[in-house]
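Have the sequence and the structure open while you read.

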Amino acid sequence: MSGLGCQFVPDNDEMRSFPGARPPDRTGHVDSSGLRLAVNEWGDVDAPMIAAIHGGFDFSRTFDVFAPMLADGGWRVVAWDARGHGDSDHAHLYSWAADVRDHLAAITALSDKPVVMLGHSKGGGQLLDLLDGRPSLAKAFVNLDGLPSQFSSPDVNDRERRRMRRADLGAFLDRRRRRNELERRPDTIEGLAGRRQPMNPRLSREWLEYLVTVGARHDDLGWRWKIDPVLHLGGFGPWRPGWSMDHLAALEMPFLGVLSGVQDDPMGWKSRREDIAPFLPPGGRLEYCDDIGHFLHIEQPRYIADLVLEFLEPFK
Amino acid sequence: MSRRTEFLSSGALRLALHTLAEGEGQALLLLHGLGEQSPMERPFWAEAWTGPVLALDFTGHGESDVPVGGGYMPEALMADVDAVIAAYGDLTIVGRGLGAWVALLVAGARSSIVRGIVLADGSGIAGGGPQPPSPYVEALPAVGSATPDPFALLELSRDVRPADYALDYVRFVLEDSELENPIVVSARIRPDWLAAVAADIGVIELSLSEAVASFVPPKAT
């Protein structure tokens, strides 16, 4: 892979450690239609490759514990920051389809052979789209809680759903109007970790503070998340969960899906086994983790890594 | 008159807004179709309009800037129109093709400011249809500054437009409008979303000239 250096340079000397967390062995970037995507790698460069795709509002360094476990299991784990996230370029426009295209550009730049694809949350959902269109890219696919089924909650009536959509629309346009003024709010490491905690209520403060030091930048005013301030949680559009499930059913490669069983995790997709099982591709495998939240690979990295390594053993 | 062009800011990008006719009062805004650009002069069907007649080049079209790496969605083009709203206030919009779809979205999102919309035939009126088209993912090289942006042509011809999604926006417009018929359909080609809009109570059908004339604000007495 071209462009990868061999050192990791922290933004600031105020770093934190976390048990089991290892910075990437190599860092670099790939180009996607003129945008630079930051790439991080763990493991032997000659080992078979797992392309790991992070979820929304995450970044590739959120794999700092999980990826080394896979790497120690004999894999080269390569992850990149989505446009606008982590160390990748901020873009003028963002869309699901553009992210999917960025994944294609990164994968084809990093390997000329089929690789294992692993996606968490939004990253897993985007791989459903990519691999339905480009099945030859993957020799196996692992999806970590990125299988949507209940996006439109049945508890919300049409009037309320429209009211929410309208509020989202207004907020989106207001944010776009103020785009040139938007910036991420500076804070201390502890403050930034505390602000992220509501998204990650099941993850330790120690982890979140570590995450600040690898996912935020430091300037004269403090630490700020690197993510483009125009991006925000939630959204609107005509997307339906069933469309993603059609992609799942059409997959041709070996598939492992792992679902979180914790229904009240705020970032979770709340899919149940019975929602997904009818759409599994032939030979597909579905694991359901009753007591692990949406960030499965961060909350229980050893358990999930062992599950993935066992599934992937035939594909080395 | 020959058209006069100004540039509005949309983040780091510039949007070209053309004045096709000067006038007093509320503006009429023209939105072009997919891959097109604004007309050079006031169309004949807009002769009845007494206020300024404006025409916007969408991002990646005409004289507007081209973003790096695509990422187009009709919802993002709403923000282009919103930049005009921020500068000019209340508007009536005539949208052709893709512009018709964007006109409906932004009218729903800014229902107290967009006074009326006319939905007309043109390129990109169907988008990707009511359900996702067959999967297709292609990485394109960086395209530079030429318009129309190939990413726009690719992405805005594949966006999904379900009828019930369109009807949500119709509801937003009808709930807020002071007009009896704030949505007029002039298009003859009717993809699912537009057929549903045209069939909705409160939406009427007129020719383009009649539609524009129906929205001419009454003169102050």
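This is a predicted model: local features need pLDDT of at least 70, side-chain atom pairs count only at pLDDT 80 or more; totals for chains, interfaces and linings use all residues.

1. Residues are numbered from 1 along each chain as its sequence is written, and chains are lettered from A and ligands numbered from 1 in the order in which they are written.

2. Chain A has 10 helices and 10 strands (DSSP runs, H or I of at least four residues for helices, E of at least two for strands, numbered from the N terminus). Its radius of gyration, over C-alpha atoms, is 19 Å, close to the 20 Å from the globule rule for 316 residues, so chain A is as compact as a globular protein of that length. The rule is 2.2 Å times the number of residues to the power 0.38.

3. On to the contact between chains (C-beta atoms, placed from the backbone, within 7 Å): 37 residues come from chain A and 35 residues from chain B. Helix 4 of chain A gives the most to chain A's side, with eight residues.

4. The largest nonpolar core has 150 residues, and Leu104(B) is among those that touch the most other members. Such a core joins buried Ala, Val, Leu, Ile, Met, Phe, Trp, Tyr and Cys through C-beta atoms within 7 Å; buried means 20 or more other C-beta atoms within 10 Å of a residue's own. Leaving out residues up to four places away in sequence, Leu104(B) touches Ile117(B), Leu119(B), Ala166(B), Tyr169(B) and Val197(B).

How values were computed
Two residues are in contact if their C-beta atoms, placed from the backbone, lie within 7 Å. A residue is buried if 20 or more other C-beta atoms lie within 10 Å of its own, exposed if 12 or fewer, and partly exposed in between; C-beta atoms are placed from the backbone.
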